[in-house]
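Biologist: I am new to this structure and would like to learn how to read it, one feature at a time. Could we begin with the way helices pack?

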Amino acid sequence: MDDETHHKTALELGAAIEQGRIDPRELTEYYLDRISNYPARGRLFTHVLKTRARAEAADAAARAKRGLRRSPLDGVPVTYKDLFDIAGLPTTAGSRLLEKNLAASDAVTVQRLARAGMVTLAKTTMTELAFSGLGINPHFGTPPNAFDRNTERVPGGSSSGAGVAVAEGLCAAAIGTDTGGSVRIPASWNGLTGLKTSFGRVPLEGAVPLSPSLDTIGPLVKDSGDAAALFGLLTGGKSPDLASPRLRHLHFLVADGIGFDGLSPGVGEAVEHTLELLAHRGVKLTRKKLPSLEEIQRLTWEPPSLLAAEAWGLWGARIEESPELMYAQVEKRFRMGEGADIAALGAKWKRREELRGAYLAETAGYDAVLMPSVALTPPPIADLENDDAAYGKANALALRNTTLGNQLGLAALTLPAGKDSAGIPVGLMLMGPPGADEKLLRLARAVEKALHGH
């Protein structure tokens, strides 16, 4: 190993283990050492599992020596957002309400990756109860965005520690959840690939819920190859074949309108440059507004909120018991669902189902729908932490594009697409129909090749 080891993808590390060039024990110590030396580690991790990680790494090393590796990622260290149960540890979901929520067993997600030989390295910080796209958490720590060393900017949420941990080379991959953008926002703002899996593809057992009708689990990683490998392990199946279609055979719909409105300086330019590169490589692009996206945007944010109502139904009684334990900005989001009119919610639910069908009809015949992953540059933490109006405005804009895919039940993925005027990474979002995760990953690999000149 060398000082560049943390720049390698998870699959590259796995291949090096397979070839005997890296020992999983040394790799685990390498990451533990990097975590120990990272100045803001207390804001990224709730627990670093040194004992478990070392034991699992030793087992992985023994399997590798005997030629009995369980998967291409056997021996590779991974972190988990602190809403996944890990036996013997509290599952806080970033909330003081759950500080005594001790897990008796591992979440299904943790079990599956452990069975595949991945090393359970640490648990990462997150937005309280996963209800914000910014990543601010005054109680458990707000990780600083990995791309501004002068001004501490929000990392993106709710999988905040997950995104920064991968970007800073403190783990090979991270597992998060996405209910309105919670994988894709931190992935986009930290220069990563983030996959929002289709609802139901990855079991939710052992993960603290926010919205059981929208919650999904997915990886934050360095590229589409890692995303595909982890998708296979998370779903309990095979990793998708990433044999890429010819670029000139691809036809993408660029969703003008709501996805491109009000972009921060440099975000639109980075995405447009990426689209130009795709077109230059032979990809066919059609641009138009989609009425279904415009309406689902209004439906999502106008009260009563379906998501907030579901979240309040889950957590309202607990919040009412101890509201002083909550960060005020997140408590306010939960209270958007308090006392919601049942008839109005039912009507919105029905209309959302209709719009899901309308969207699929509007996008039929296209390989994927493209737009910027996040509309704004991550603001400084200090500007938002105690400013209710600024926090609310930034949070809504951060979530605006990503939550479209959740509300419509889609598979969605963000890829790095250059940087904005502040030097912060910009993401390009690809959206596919529900259940089309494997195809979406193949398309992501094709886009990567086009952008990197392959």
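Biologist: How are helix 5 and helix 8 oriented relative to each other?

Modeller: Two packed helices are described by the angle between their axes and by the distance between those axes. Here the axes of helix 5 (residues 108-115) and helix 8 (residues 224-235) come within 8 Å and cross at roughly 115 degrees, and the two helices are therefore roughly perpendicular to each other. The axes are lines fitted to C-alpha atoms, for helices over the stretch in contact, with angles running from 0 to 180 degrees between N-to-C directions; angles under 35 degrees count as roughly parallel, over 145 as roughly antiparallel, 65 to 115 as roughly perpendicular and the rest as oblique. Helices (H or I, at least four residues) and strands (E, at least two) are DSSP runs, numbered from the N terminus.

Biologist: Which residues of helix 5 and helix 8 make the contact?

Modeller: From helix 5 come Thr109, Arg112 and Leu113, and from helix 8 come Leu230, Leu233, Leu234 and Thr235, where contact means heavy atoms within 4.5 Å. Sorted by class, this contact has four nonpolar, two polar and one charged residues; Ala, Val, Leu, Ile, Met, Phe, Trp, Tyr, Cys and Pro count as nonpolar, Asp, Glu, Lys and Arg as charged, and the others, Gly among them, as polar.

Biologist: Before we go on, what kind of model is this, and how are its residues numbered?

Modeller: This is a predicted model, in which local features need pLDDT of at least 70 and side-chain atom pairs count only at pLDDT 80 or more, while totals for chains, interfaces and linings use all residues. Residues are numbered from 1 along each chain as its sequence is written, and side-chain values use heavy atoms, with hydrogens and water left out.

Biologist: Where is Lys123 found, and why does Lys123 count as buried?

Modeller: Lys123 is also found in strand 3, and Lys123 counts as buried because its relative accessibility is 0%. Apart from neighbours within four places in sequence, the contacts of Lys123 include Leu44, Phe45, His47, Tyr80, Asp82 and Phe84.

Biologist: What should I look for in the backbone?

Modeller: Most residues other than glycine have a negative phi, and most peptide bonds are trans. Leu129, at 2% relative accessibility, counts as buried, and Ala130 counts as buried at 8%. As for peptide bonds, the one from Gly157 to Ser158 is cis, with omega near 10 degrees, and a cis bond also joins Pro303 and Pro304, with omega about 0 degrees; Pro304 has its place in the loop between helix 10 (291-301) and helix 11 (306-321).

Biologist: What does the side chain of Asn137 reach?

Modeller: The side chain of Asn137 reaches the backbone oxygen of Met126 at 2.8 Å, and a polar atom of that side chain lies 3.0 Å from the backbone nitrogen of His139. Asn137 is in the loop between strand 3 and helix 6, and at 1% relative accessibility Asn137 counts as buried.

Biologist: How many residues of helix 6 are buried?

Modeller: Seven of the eight residues of helix 6 are buried, leaving the helix mostly covered. What covers these buried residues includes helix 3 (41-44), strand 1 (45-48), strand 3 and strand 4 (173-178). Just after helix 6, Gly169 takes a positive phi of about 70 degrees.

How values were computed:
Buried means under 20% relative accessible area, exposed over 50%, partly exposed in between (1.4 Å probe, protein chains only). A polar contact is a pair of N or O atoms within 3.5 Å; within protein, one must be able to donate a hydrogen and the other to accept it, and residues adjacent in sequence count only if both atoms are side-chain atoms.
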